[in-house]
Every structure is written in structure tokens, then in C-alpha cells.
Amino acid sequence: MGFDAIVDTIQTLALLGVMGVLCYLVYLLKLQLTDAVAALHAIVKAQDAMQARLKVLEAEREQR
């Protein structure tokens, strides 16, 4: 095994390591995005509930 083969092997392993780190970062980003989408969905549901409650309160006020 010559010096060039050793260097090629080290470069290949380094490249695989970098690719692994990038895949892990993409996985973490996907988790963050999933959490963000869930939070936005909860906000929208809460906003819808508040609007429905506001309509009920306005209807009650008009009846008085």
C-alpha cells in the first residue's frame, strides 16, 4: 500500500465523515421544521377558537 493509497483512503473517510455530519444536520433541521409547523398549527387553532368565541360574545351583546 503506497503513500497515495493511504492519502486516498484518508480523504475518502474524511468525505464520508463530512457527509455523515451533513446528513445529521439535515435530520436536526427536519425536526426543527416539524416542531415549528406544529407550533404554527397550534397558533392557528387557537386563533380560530378565539374568533369563534368573539362571534359568540358579539351575538350575545346584540341580543341584549
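**The chain and its helix**

The protein chain has a radius of gyration of 28 Å, but a compact globule of 64 residues would have one near 11 Å. That radius is taken over C-alpha atoms, and the globule rule is 2.2 Å times the number of residues to the power 0.38. This is a predicted model: local features need pLDDT of at least 70, side-chain atom pairs count only at pLDDT 80 or more, and totals for chains, interfaces and linings use all residues. Residues are numbered from 1 along each chain as its sequence is written, and side-chain values use heavy atoms, without hydrogens and water.

The C-alpha trace spans about 95 × 10 × 5 Å along its principal axes. The protein chain holds one helix and zero strands. Helices are DSSP runs of H or I with at least four residues; strands are runs of E with at least two.

Now take Val21. Val21 is found in helix H1, residues 3-63. Val21 counts as partly exposed because its relative accessibility is 49%. Buried means under 20% relative accessible area, exposed over 50%, and partly exposed in between, with a 1.4 Å probe and protein chains only. Of the 64 residues in the protein chain, 0% count as buried.

Met50 also lies in helix H1. Met50 counts as exposed because its relative accessibility is 56%. From C-alpha to C-alpha, Met50 and Cys23 are 41 Å apart in space, and 27 residues separate them in sequence.
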